[in-house]
Amino acid sequence: MEYGDIVTGRFVERPNRFIAMVEIDGAVRRCHVKNTGRCRELLIKGCDVVLHRPPPSARATEYDLIAVYKGDMLVNIDSQAPNTVAAESIADVIGPVDLLRREYTFGDSRIDIYAESGGIRHLVEVKGVTLEDNGTVLFPDAPTERGVKHVNELIHAAEDGYRACILFVVQMEGADHFEPNYAMHREFGEALERAAASGVEIRAFACRENPDSISLAGEKPVVLGHSR
């Protein structure tokens, strides 16, 4: 996934979840944040950030804040990027596909990717991961009842004969392994454990990061139950 026109700046503050004030070329600009999550461990006053300038439109902000430097590590925080990256590289996750659809309705949920390959039906729910702690990447960074619902739907899908997968797209390089964030939302971690026991694949891939692009890279180990 490529962004095109980007600039760098310095984060000043985030008055609400949609807006950040960023210093660009000596002037403080109002920018759209492409992630409604907390990102408190990333968006720290004075940190360097990457912004994308989309084509001109009637919107009130000229720039989108898409990535943050955490020390020397670049972390993409664009919440729309994981689904696009996963769709672009789906063959690296489940193998070559004959058909791919996005936003597929299953049960009471919309699952991110439906695919078919050699008569096998796949359902892949994608979760972007931006929280890192000493090499461990964690999800979620806030309680997610919606996430629990998706996990339970995929358990039903596996029971119905689908090859079901929860794919954690780690929006940075250098991660050691993935764990559920039990401290933040134990119910989600326990749901993942039930899903794994039911045949749902729980997988995590790091991303190759550049200021103007993000792409799927190597797979990382998934550790369940470690922090229980």
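Before I go on, the conventions. This is a predicted model, so local features need pLDDT of at least 70 and side-chain atom pairs count only at pLDDT 80 or more, while totals for chains, interfaces and linings use all residues. Residues are numbered from 1 along each chain as its sequence is written, and side-chain values use heavy atoms, with hydrogens and water left out. Helices (H or I, at least four residues) and strands (E, at least two) are DSSP runs, numbered from the N terminus.

Back to H4. Its buried residues are Phe188, Gly189, Ala191, Leu192 and Ala195. Buried means under 20% relative accessible area, exposed over 50%, and partly exposed in between, with a 1.4 Å probe and protein chains only. Seen down the helix axis, the buried residues of H4 fall within an arc of 160°, so they line one face. The arc is taken over the directions from the helix axis to the C-beta atoms. As background, an α-helix has 3.6 residues a turn, so residues three or four places apart point the same way. The buried residues of H4 pack against strand E11 (136–139), H3, E12, E13 and strand E14 (201–210); contact here means heavy atoms within 4.5 Å. After H4 comes glycine 199, with a positive phi near 100°.

Next, the strands around it. Two strands pair if DSSP finds at least two bridges between them. E11 and E13 run parallel and are joined by four bridges, with phenylalanine 139 partnered by proline 180 in E13. E13 is covered on both faces: His177 and Glu179 are buried on one side, Phe178 and Pro180 on the other. In general, side chains in a regular strand alternate between the two faces of the sheet.

E14 has seven of its 10 residues buried, so it is largely enclosed by the rest of the structure.

Another antiparallel pair is strand E7 (residues 99–106) with strand E8 (residues 109–117), over seven bridges. Phenylalanine 106 is partnered by serine 109 in E8. This hairpin has two residues between the strands, and glycine 107 takes a positive phi near 60° in it.

Now the interior. A nonpolar core is a set of buried Ala, Val, Leu, Ile, Met, Phe, Trp, Tyr and Cys residues joined through side-chain atoms within 4.5 Å. The largest has 48 residues, of which Val49, Leu51, Leu65, Leu123, Phe168 and Val200 touch the most other members. Helix H3 (residues 145–159) gives the most to this core, with six residues. A second, separate core has 24 residues, including Ile66, Cys165, Leu167 and Leu216.

Which side chain does glutamate 132 meet in a polar contact? The partner is the side chain of lysine 70, at 2.7 Å. A polar contact is a pair of N or O atoms within 3.5 Å; within protein, one must be able to donate a hydrogen and the other to accept it, and residues adjacent in sequence count only if both atoms are side-chain atoms. The glutamate 132 side chain also reaches the backbone nitrogen of asparagine 134 at 3.2 Å. Glutamate 132 sits in strand E10 (residues 131–133) and is buried, with a relative accessible area of 15%. Leaving out residues up to four places away in sequence, glutamate 132 touches Lys70, Met73, Val137 and Met172.

Glutamine 171 is in the loop between strand E12 (163–170) and strand E13 (177–180). Its relative accessible area is 2%, so glutamine 171 counts as buried. Its side chain makes a polar contact of 2.9 Å with the side chain of asparagine 76, and one of its side-chain polar atoms lies 3.2 Å from the backbone oxygen of aspartate 78.
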